[in-house]
Amino acid sequence: MFSPRRTALAVSGVLLAIAVVGCGSSSGTPTAAPVTDPNQILSRSATGMTAVQTVHFEAVVGGSVNPSALGSWSRTAGLSGLSGSFRLDGATVSGDVDVQKRAFHAVASMPTLFGLSADIIQVDGYQYSKTSLAGTNKYTKSPPLTLPIASAAPGATLDISSTVTSLMSSLAAAGASATLVGRDQVDGRDAYHVSISMPKDLINQQMGALGGDAASGISIDTASLDYWVYVDSLNPAKIELEAASATVGHLTITLTLTKYNQPVTIKTPADSEIQAGQ
């Protein structure tokens, strides 16, 4: 059965995972001199990452997917009731992540999905969500969303360093390469633009490991990744990901990261804003 709430959570979860992985490859230490080696930009941006406490993200999603080709992922995302090609153009997710508190607040808008909007808060070991199609303006309380990062559950650990180190090692072993394209402006600041080759076999291997049976039969034919890093801090500035599959469809994601380490307030909704009995 189609579930707009789970669809919103699934899309938001993917984008938030990317956002926090981006935080993981960041640095709070300014670079004193220009860097011209793209591999050095990547390696230096992977150091000092524990200095990142908060970050704001803005994501735009485009393209289309074929729900029938997603297997059990389609059921998890609430798309099992849809057939044919499902357009994602104009979908947006924005919000804040508090890395230290394992918390986030995201607002999603999906105009091609019946004008769906969603408000999702994850804090203090619980998730609170509401959607425009739920028939109520109150939050539903539930266990935290499981992401390929640490959850917001009390006592959870967040070892971004190990995650980034492992990812970089896997990319290098699979023959990935980085090219410094030049410099661009992101959020009014200079940013290094690095293009990273994405080995198809590694991507499909990682998808299989992440999804288990859910990812069985799903494969990516082509993928590209462009990565911008602020020159003055080596924090990630923007990520553009494009992936295509003859069976699944074509997906584009543009993610911009700003307002590093600025104060954010992510708190549990008031009792009057939560559905009774939860």
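Helices (H or I, at least four residues) and strands (E, at least two) are DSSP runs, numbered from the N terminus. This is a predicted model, in which local features need a pLDDT of at least 70 and side-chain atom pairs count only at pLDDT 80 or more, while totals for chains, interfaces and linings use all residues. Residues are numbered from 1 along each chain as its sequence is written, and side-chain values use heavy atoms, with hydrogens and water left out.

**Exercise 1. Describe the protein chain as a whole, by its secondary structure and its buried share.**

Step 1. The secondary structure of the protein chain comes to 5 helices and 12 strands.

Step 2. Of the 278 residues in the protein chain, 43% are buried, where buried means under 20% relative accessible area, exposed means over 50%, and partly exposed lies in between (1.4 Å probe, protein chains only).

Step 3. Turning to contacts (heavy atoms within 4.5 Å), we take those in the protein chain between residues at least 6 apart in sequence, and find that 60% of them join residues at least 24 apart.

**Exercise 2. Decide where the confidence of the protein chain is lowest and where it is highest.**

Step 1. The protein chain averages 74, and 64% of the residues score at least 70.

Step 2. Confidence is lowest in helix α3 (residues 72-76), with a mean of 41, whereas strand β8 (residues 178-186) has the highest, at 95.

Step 3. Over residues 148-161 the pLDDT is below 50, and this stretch has 25 contacts in the model beyond near neighbours in sequence. Residues 212-216 also have a pLDDT below 50, with 8 such contacts. Where pLDDT is low, the predicted coordinates should not be read in detail.

**Exercise 3. Trace the pairing of strand β12 with β1 and with β11.**

Step 1. Two strands pair if DSSP finds at least two bridges between them. Strand β1 (residues 54-65) and strand β12 (residues 249-258) meet this in the antiparallel sense, over 10 bridges; His-56, for instance, has Thr-258 in β12 as its bridge partner.

Step 2. Strand β11 (residues 236-245) also pairs with β12 in the antiparallel sense, over 8 bridges, and here Ile-239 stands opposite Leu-255 in β12.

Step 3. Between β11 and β12 there are 3 residues, and the two strands form a hairpin.

**Exercise 4. Explain why strand β6 is described as largely enclosed, and name strands that pair with it.**

Step 1. Strand β6 (residues 126-131) has 6 residues, and 5 of them are buried, so the strand is largely enclosed by the rest of the structure.

Step 2. Strand β5 (residues 116-123) pairs with β6 in the antiparallel sense over 6 bridges, and the bridge partner of Ala-118 is Thr-131 in β6. These two strands form a hairpin with 2 residues between them, and Asp-124 in the turn has a positive phi of about 55 degrees.

Step 3. Strand β7 (residues 140-142) is joined to β6 by 3 bridges and runs antiparallel to it, with Ser-142 in β7 as the bridge partner of Gln-127.

**Exercise 5. Compare the phi values and places of Arg-102 and Asn-261.**

Step 1. Most residues other than glycine have a negative phi, and most peptide bonds are trans.

Step 2. Arg-102 is not a glycine, yet has a positive phi of about 55 degrees; this residue is in the loop between β3 (91-98) and β4 (103-110), and is partly exposed, with a relative accessible area of 27%.

Step 3. Asn-261 has a positive phi near 60 degrees and is placed in the segment after β12, where, at 38% relative accessibility, Asn-261 counts as partly exposed.

Technical notes: pLDDT is the predictor's confidence in each residue, from 0 to 100.
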